[in-house]
Amino acid sequence: MVAPQQLARPPITEALVDFRIIADQAIHLERLQPLRAELSDSFPKVDEKKGFQAEFRVEAGNLLPPVARDLGFQGVWLTSTDGNRIVQFRVDGFTFNNVGAYIGGETLLDEALRLWTRFAHIVRPAAVTRLALRYLNRLDLPLRDGEQLDRFLTAAPELPEGAPQRLSSFLSRVVAHDETDANVVVTQKLDTTGKFPVPIVIDVDAFFAKELDPNAQSLRGMLEILRALKNRVFFSLLTQEAVNLYI
């Protein structure tokens, strides 16, 4: 197992911190307007989200006309000028996305908790019901046609002897739990071969699914647990040769 370590060129395409909440009062656009105004300099791009639900039914073999339901206001998405940071203030919670250029783990948590504190001050959540730290990584591996994935991946898919051994795509998804009550969903994916280098996506979603104190200081400790779990899982999936590509 490769030990977690600092990478000079981390292969991260997106990192996010997500909070799902129980709110005592309905969250509507008017309640979020002061927050939107406060953040307008840092996050000038605004997108108001509304939801719709369509239901299709079949009776006696006949398709009935769809029934649409307006779910109303779902939240406000604020985006930074460079597009690298997105804040989602939703009726069911809050998400901070770092897309593209990675801002670093410490900055990610600091910024997420700073914005969470402002959001929580306005909506007064009774509890956080799910807290997640998710990282999507794209590894471009210098594999030639016919070479084995286990040169770079410790948990690459294996086919039994006698089956064709040349993979064109694969999708692996594993859900696991540890002694801290944290959960992790690990997804590995290869969409297509025929490219060099070979693109492998590793998605690590570490989360707590239980009621948590919405206080930022308390949540910081929980996020540090998730961060350590995320790092441990990610590096456990790689060989040293794979890690060397990004040092």
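How much space lies in the second largest pocket? About 390 Å³. The views below come from a predicted model, in which local features need pLDDT of at least 70, side-chain atom pairs count only at pLDDT 80 or more, and totals for chains, interfaces and linings use all residues. Residues are numbered from 1 along each chain as its sequence is written, and side-chain values use heavy atoms, without hydrogens and water.

**View 1. The second largest pocket, with residues from H3 and S8 in its lining.** A pocket is an open set of points on a 1 Å grid over the protein atoms alone, where a 1.4 Å probe fits, with protein on both sides within 12 Å along at least five of seven lines; lining residues have an atom within 4 Å of a point. Volume is the space filled by probe spheres set on the points. Of 19 lining residues, Gln-5, Ile-12, Tyr-102, Lys-230 and Asn-231 lie nearest the centre. H3 gives the largest share, five residues.

**View 2. The largest pocket, about 520 Å³.** It has 24 lining residues; Glu-147, Gln-148, Leu-149, Gln-165 and Leu-167 lie nearest its centre.

**View 3. An open sheet of nine strands, paired antiparallel.** The order is S2-S5-S6-S7-S1-S8-S11-S10-S9. Strands S2 (45-55) and S9 (170-177) are the edges. Strands are DSSP runs (E, at least two residues), as are helices (H or I, at least four); pairing takes at least two DSSP bridges.

**View 4. Strands S5 (residues 67-79) and S6 (residues 85-90) side by side in the antiparallel sense.** Five bridges join S5 and S6. Leu-78 stands opposite Val-87 in S6.
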